[in-house]
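We will go from rings to charges to surface.

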Amino acid sequence: MLDVIIPDQLAMVTLAAAYLLCICTCFMCITHRLAFKDYTRKKQLGIVVIYGISFWVVHPLILLSERTVTLTETTILLMVLTVPLTCAALWVALAMGAKIEISSIQFLLGSFIIGTIIFTLDVTLYMLAFADTLDINGLILTYSYLLVGCIAGAVLRFLLILNNETELDEIKKWHFAGAVTIGIALASIPNVIKASLTVGKELTNLTLTFDSIFFALLINIVALIVLILVPDLLGDNQRKKTKLALLTNRAEYHSLFFNHPDAVFAIDREERFIRMNETARQTLNQTEATLPPSLALKDVLKSRTYVKVKSYLKQAFEGIGSEFHLYTADDRYFQVTLLPLEFEGQTAAYAILKDQTDPKKYQEQIQHFAFHDDLTGLKNRRGFFVELEEINHPFSIVMIDFDHFKRINDIYGHDYGDLLLKELARRMKHRFLRPFSIARIGGDEFAMIYSGEDEEALVNACRKFLDDFSEPIQVGGRLCYMTPSIGFAHSIADEKPAAIVSYADYAMFQSKNNGRNQIQLFKPEMKERLERKKVLEKDLPHAILNDELFLVYQPILNTVSARIEAVEALVRWDHPKLGLISPGEFIPTAEDIGEIAHLEEWVVTTACEEVKKWNESLAEPVRLSVNLSMKHIEQTDIHLFVKDRLTQTGFSPEWMTIELTETTLMRREKETVKSIEKLKEMGVAVYLDDFGTGYSSLNYIMRLPLDGVKLDRLFLQKMKQDNEHYTLVHSLITMKHKLGLEVVAEGVETKDHLHMLEKMGCEKIQGYYIAKPLHHQVCLNMVKSGILPAAEIV
């Protein structure tokens, strides 16, 4: 047996500690209330055990405040065994307090369980502690049970209402107040229980000492009142906020519904319109006066559209929202949003129709322009390749390029060229119907996809298209002769569609090379040539760095002095794998891949450096003639380019001749004329190359500040003594001399050519009869020696 005697001062401290511990434990339990349901089972058990023991310790502390307590080992053991009761009450309180809302039955049952466990715990502890002086007062005991139950219910109600409070500041304020109130209430319950079980505790003792029954009752009643009032105040505050929010939401809903810029409907389960805004009435062509009270959805929608909308309505009535697009019979396009709507206890539907007709048309226009040519209305390059990605085998690709179209642009201008392109596109659409799909992929180049494998039908359509151009085209008040070159290729099972386009493109170039105005089918043996072209395109940029290029020089003879007075520099490519490659093959490649400027920069620089060394050892210097590409001139200024090369190499301008083609001069006439004038001011001579193959006229030649012309070799190939070509060449030479222009005849390959040109007074000739293009040392030796077939020079 153990007699515990506590001094008065220490007893008061012990009692105060019990109240403080109970308040702190309540504060922590309230903190964990909402998250309790989300904790793991292990964490829930740990919280219940720790804080359950903390609540249980409050009771021994209150017992010690009795100053004298007699306990046995058995009593102490039995008291310790009541710890699970504390944990059980706390588990129920936290589990139910973690909910946002519970039913009335759940609330009453929870209050009963919590109150009964707390009452049973306190009664058991005090019956064990005061077994020797036990004197049960049934009235006070019954009152105590009811009081404990009410306090348990008030605590549970406080937690539930606190859970519904959404403002953080409010939660913090009532969290602390509730912890203090609940802690004091729970810590005061033992004194009320003790009063019903021990002798000397009377309800009529109205003293306010800590050990008086009146004080204990007073604290419990006050705590109960506070726990009842606080939730009411908190709940009333919440109800006011809810009501205000409801009124605000209702006003916002009314504003959004009736002032919404889009059409808004509310539809019940009978598919009748409950209400609609003004935009909706206008959309349905209804007015307030004519709107029937039972207007249904099927009354305003076509059958097919109605079936589609009905399926989405069914989902909305089941509580599932949706969004979809809707086309109407009058070509209007709507974005529809359907949401569930509670109406008179049933689920209805809330619909918003956003008119997207204009944005949709604008989007379609943008989409159209992205994949179509705005000039001809045909698909553009992007649209062509997008369609190509989706094509299925078998198919064929047809490439069409119109011969000499660039010259039309040069002569008549781009506006006329655009008119001509429209007419060409119109003829293509007329001739190539399904299964052809036509696209303009650039300039005057068109491509078609032919779906199917009927080659005969494809070829027949292409032949008829060629026949369409047997007569001149009348466009813009002018007659224009135009011929197409056509190439096509059939799909190959293992080849990508883009490769078939390359094959058809190559076949089209073969058509041009074979004389134009014809059809060419890509054959397997052409693939080697195409692969060769790809190799050249890949290796050409590195040819200069790898020292694979070299120059040869073809002499130009003065027939009067029998002296080589000029040489033309010509470039050659010695490919490490393919061997010697003709400039007629790699020059167009350089133009296609944008390397022509770099190539000609190397040619001019190298030629100037080599011929400069020649002239330093010659009694009379020779002139250097170089040909500049049209593509190069389009990228730079001729004058600045030549000046830069001459400055870098120290080559004298008086020794330099620049050869330009007729097409080059015509494409950029104004800019080119200015550059020619600046070149002449420097002392550089400018010649018109390949004269007679273009559209030049006497007036045109007279406008250009040229020093001379080079007759095209085609004239000499057909020229015989006293025939029409002889007369033409004679006239040209005579006319050019009268204009003060020098004339160089190219393609002199026979003795007859030489004799005829000498009779005509042509002083300068160039061709294989004089010499083929020679390596620089061989050419230098010929210039130095002056050895020519004297018998052939008259």
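Start with the aromatic rings: the count comes to 16 aromatic pairs. Rings of Phe, Tyr and Trp (its six-membered ring) pair if their centres lie within 6.5 Å; planes under 30 degrees apart are stacked, over 60 edge-to-face, and the rest tilted. Select Phe-119 and Tyr-145: the ring centres are 5.1 Å apart and the planes stand at 80°, so this pair is edge-to-face. Phe-119 sits in helix α5 (residues 104–129) and Tyr-145 in helix α6 (residues 138–164), 26 residues apart. Helices here are DSSP runs of H or I with at least four residues, strands are runs of E with at least two, and both are numbered from the N terminus. Phe-119 is buried at 12% relative accessible area, whereas Tyr-145 is partly exposed at 30%. Buried means under 20% relative accessible area, exposed over 50%, and partly exposed in between (1.4 Å probe, protein chains only).

A note on the model: it is predicted, with local features needing pLDDT of at least 70 and side-chain atom pairs counting only at pLDDT 80 or more, while totals for chains, interfaces and linings use all residues. Residues are numbered from 1 along each chain as its sequence is written, and side-chain values use heavy atoms, leaving out hydrogens and water.

Next, select Phe-402, Phe-432, Phe-436, Phe-446, Tyr-450, Phe-465 and Phe-469. Ring pairs link them into a cluster. The rule for a charge over a ring: NZ of Lys or CZ of Arg within 6 Å of the ring centre and within 35 degrees of the ring normal. Arg-478 does likewise over Tyr-416, with its charged end 5.3 Å from the centre of the ring.

Now the salt bridges. The structure holds 21, each a side-chain nitrogen of Lys or Arg within 4 Å of a carboxyl oxygen of Asp or Glu. Pick Lys-764 and Glu-565, bridged at 2.8 Å, N to O. Lys-764 is in strand β23 (residues 764–766) and Glu-565 in strand β16 (residues 563–575), so the bridge ties together parts 199 residues apart in sequence. Lys-764 is buried at 9% relative accessibility, and Glu-565 is buried at 15%.

Move to Glu-659 and Lys-710, another salt bridge at 2.8 Å, N to O. The pair joins strand β19 (residues 656–661) to strand β21 (residues 708–711), so parts 51 residues apart in sequence are tied together. Glu-659 is buried at 1% relative accessible area; Lys-710 is buried at 1%.
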